[in-house]
Amino acid sequence: REITLPDGSHVEVNGNTLFTVRFNPWQRNLSLKTGEVFFDVRHDVDRPFEIKAHNGWIRVLGTRFHVRNLRGLVSVDVESGRVKVCSGPDRSTGLSQGLFRDERIITDGQGVDYGRAGQAGRIRQAELDRVSAWRQGKIVFRSMRLDSVLKELEHHYGVRIRVMDKEIKEKH
């Protein structure tokens, strides 16, 4: 689903995604509870665009990027521009308080992940063809364990898949 936000920014929303938007004259905040969204953010130097996901915040410094919040893992992949990822807040205060353990600035073709505990991983090469495949109605898997593939299919189709043999679930 494609949505134009009140500030003119565009978002593409994947299925089973839940988020809230709160804009006011001095800030633009979005809280991503679960799911994945591709953002094309309209530049506004007077109103920062920030996304809360688990124990972290993402501040837009550029324009086009993908955020995924599934099963306790938040992944941010930048198509173009720059994004600041802040994770591990001491309390739920937002970016303005500066109470984060980890901060990363990622640019074109880069990505970073963080979990519920908030510790960000190393900056990695973005896998934009894989993480954005849903935007073209596709799902891409590469060198993944079968149990991870099945979790992705469960999310995408809203079903539950059970495999009783542990050995099969661990195969790539």
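Which loop does N16 lie in? A few notes on that and on other spots worth a look.

1. Ground rules. This is a predicted model, where local features need pLDDT of at least 70, side-chain atom pairs count only at pLDDT 80 or more, and totals for chains, interfaces and linings use all residues. Residues are numbered from 1 along each chain as its sequence is written, and side-chain values use heavy atoms, with hydrogens and water left out.

2. N16. It's in the loop between strand 2 (10-13) and strand 3 (18-24); helices (H or I, at least four residues) and strands (E, at least two) are DSSP runs numbered from the N terminus. N16 has a phi near 55°, a positive value in a residue other than glycine. Most residues other than glycine have a negative phi. With a relative accessible area of 45%, N16 is partly exposed (buried is under 20%, exposed over 50%, partly exposed in between, using a 1.4 Å probe and protein chains only).

3. H54. Here's another positive phi in a residue other than glycine, near 50°. H54 sits in the loop between strand 5 (49-52) and strand 6 (56-60), and is partly exposed at 23% relative accessible area.

4. The largest pocket. It holds about 470 Å³ of space. A pocket here is an open set of points on a 1 Å grid over the protein atoms alone, where a 1.4 Å probe fits, with protein on both sides within 12 Å along at least five of seven lines; lining residues have an atom within 4 Å of a point. Points are joined across faces, edges and corners, and the volume is the space filled by probe spheres set on them.

5. Its lining. Of the 24 lining residues, R68, R71, R130, M144 and E152 are the closest to the centre of the largest pocket. Helix 2 gives the most, with four residues. By class, the lining has nine nonpolar, four polar and 11 charged residues (Ala, Val, Leu, Ile, Met, Phe, Trp, Tyr, Cys and Pro count as nonpolar, Asp, Glu, Lys and Arg as charged, the others, Gly among them, as polar).

6. R142. Look for R142 in the loop between helix 1 and helix 2. R142 counts as partly exposed, at 46% relative accessibility. R142 and E50 are 92 residues apart in sequence and 31 Å apart in space, C-alpha to C-alpha.

7. V159. You'll find V159 in the loop between helix 2 (146-157) and helix 3 (166-170). V159 is partly exposed too, with a relative accessible area of 43%.
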